[in-house]
Structures are given as C-alpha cells and as structure tokens.
Amino acid sequence: MIASLWSRIGAAARAALGWLSQALSRCQSLGGGPPPRPRPQSNAAAPLGGGGGAPVRPQSNAAARVLERSRPRSDAAARVLETTLVGEVASCLDVHDVGRLALSSWRCRAETLGTIEELQFGFPKKDDPEAIVAAWAPHLSALRVVNFGDRSSHLTEDHAVISLTRDCCRTLRAMHFWGCAYITDAVAHVIGNLLPGLQELTFAECQEITDRGVKSVAKCSQLRELSLDHNGSITDVGVQYLNGLAALESLQLEDRGITDLAVAPIIRGTSRLRLVILTGSGVADETCDAISRYCPLLEN
C-alpha cells in the first residue's frame, strides 16, 4: 500500500512538474526570451568613493513586462501542481486522512471535497472533529448523507454537527447518529429548522435527545425513514408530534416510554409504511390493529 502510494505520488509530481516546466517555457517565449542580464559597468562609471562593485542596472521596461506576464502563469502552474498531487494522494487515503489533508490544502477542500456525497465521521481519539468539520463543511457542496457514530460517537458534540448542518443544508437528505452521548436537542432543533427536505433521520442511543428534540424533528415533513431507538428520554409526549408525517415508509420506535397513545395515530395517518419496528416499546393491541388495517404495503 505504501509503495503504491509513493509510486502514484511520484508519477503525479513528475506530470505536474513537466507541465510547470512547459508553462514557464511558454512564459519566456512570450517575451522573446528571458530578460537580458545587466552589463557590468566599467570602474570609471562607479560612484565616487564607491567600493569597487558595479551598481545594479535598472530593469528595462521590456523585462518588467515579461516578468509581469509570467507571474500569473507561474501561479497557475502551482495550482495545477497542488491539484494533481492532492487528487492522486486523496485517492489512496481513507476519509479520515483526507480530512487531515483538507486542513492544510485549500485545493483539496475546493476540488476533492466538492465531489463527496456521503461521509462516515469516525475520528480517532487524537483528532479534533470540530477543526476537521470546520475545514470541510463550506466545501461539501454535494454532501447528501452524513453518519456520526462508531469511533466518533464520544467526540461528536453539538457545535460540530450544527456547523456542518448549516453549511450543507441545501444538499443534505439523510443524517444518522449512533451512540452520540453528547448530542442534544439543539441539534434536533437545527435539523428541524434548516432541513425541511430531510428524508432519513436516526437518533439511536443518544441519551440527550428528548421530547423537545422530537417536536423539532416533526418539522421535517418529507421524512421517509425515522428511527428513534433506545434514547431513554423520549415518551408519548414527544412522539405525538410525529402524527402527520404522511411520507413515512420506515418507522422504528424502540423506547419503553412509548405506548399506543402516541403510536397508533401515527400508523393511522399514513398508508406508505413498509417497515415498523417497535421492539421494547410499550405498544399493545391498539397499535397492532392499526398496523393491520392501515399498512397495506407492510413488508416487515
């Protein structure tokens, strides 16, 4: 893997440097060749009391024009070099290493990150997710799906998620949180207000998500898949706000505080449900009867 990586980096560097050399050659040819070297003056032309060295001859207007024309081309060559290197390096790295690369490379943020549609945030303990998200978020112009969990769950806090949501609200269609103990209702509030077109949402084992957060989530009227599992603080009071999400196709409510009082009206309010999981909840006959009568497309 390492050998292959360095081989690709070397090939990219050689290609970019070759382009740079050609660009600089073209710059020189535009001005009729490099600017002429100043001719040394004779000692007689040296200033009185001078120390033996000839003064530097002022640069001619023609030479100044050549240098001025070459400068933007040199900048362009440098940008091509960075773009090529970043593209080759990023293709060999996993998403977390690309994140670290994005912290230092504007070209990576502008070019590479703009093509990413799905991200699984799993930061190792030594990384600061807030810094990485702050560097990524403004350039994730194609992001549609974001997952927080696994190794990132103990590091994910409200400010990082809110920053990402605000920057990517025009494209995000699915957000999933697993075991994020520090995520609170503030995140749910931002999701409800900024992502009315969200289609998939999961809060699983997020102990700080409460009925107030569920009320905010209910504003996402286009939700097709909703999962609220083992959060511990969600009751019928919050779940009742979900009544009216007519586009729901998948509903998972696995909290002990949820009963027929809240679930049965949700079932009766939609005919599109294909998946209903209520394991561990307090539902009984009323919800079962609603499922049998109002869920003709039910698969599981």
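At what angle do helix H6 and helix H7 pack, and how far apart are their axes? The views below take up this question and others in a predicted model, in which local features need pLDDT of at least 70, side-chain atom pairs count only at pLDDT 80 or more, and totals for chains, interfaces and linings use all residues. Residues are numbered from 1 along each chain as its sequence is written, and side-chain values use heavy atoms, with hydrogens and water left out.

**View 1. Packing of helix H6 with helix H7.** Helix H6 (residues 158-167) and helix H7 (residues 185-194) pack at an angle of about 5 degrees, their axes lying 9 Å apart; axes are lines fitted to C-alpha atoms, for helices over the stretch in contact, and angles run from 0 to 180 degrees between N-to-C directions. H6 is therefore roughly parallel to H7, a term for angles under 35 degrees. Contact, meaning heavy atoms within 4.5 Å, is made by Asp158, Val161, Ile162, Thr165 and Arg166 of H6 and by Ala186, Val187, Val190 and Leu194 of H7. Helices (H or I, at least four residues) and strands (E, at least two) are DSSP runs, numbered from the N terminus.

View 2. Seven strands form an open sheet in the order E1-E2-E3-E4-E5-E6-E7, with parallel pairing, where two strands pair if DSSP finds at least two bridges between them. Strand E1 (118-121) and strand E7 (275-277) stand at the edges, each with a single partner strand, so one side of each is left without a neighbour in the sheet. Four bridges join E1 to strand E2 (residues 145-148), and the two run parallel; Phe121 stands opposite Phe148 in E2.

View 3. Asn231 is placed in the loop between strand E5 (225-229) and helix H9 (236-239), and is buried, with a relative accessible area of 0%; buried means under 20% relative accessible area, exposed over 50%, and partly exposed in between (1.4 Å probe, protein chains only). The side chain of Asn231 reaches the backbone nitrogen of Cys206 at 2.9 Å. Leaving aside neighbours within four places in sequence, residues in contact with Asn231 include Phe203, Glu205 and Asp255.

View 4. Glu205, in the loop between strand E4 (200-204) and helix H8 (211-217), has a positive phi of about 55 degrees although it is not a glycine, and is partly exposed, with a relative accessible area of 45%. His230, in the loop between E5 and H9, has a phi near 55 degrees and counts as partly exposed at 42% relative accessibility.

Note on methods
Parallel < 35°, antiparallel > 145°, perpendicular 65-115°, else oblique. Polar contact = N/O pair within 3.5 Å; in protein donor to acceptor, adjacent residues only side chain to side chain.
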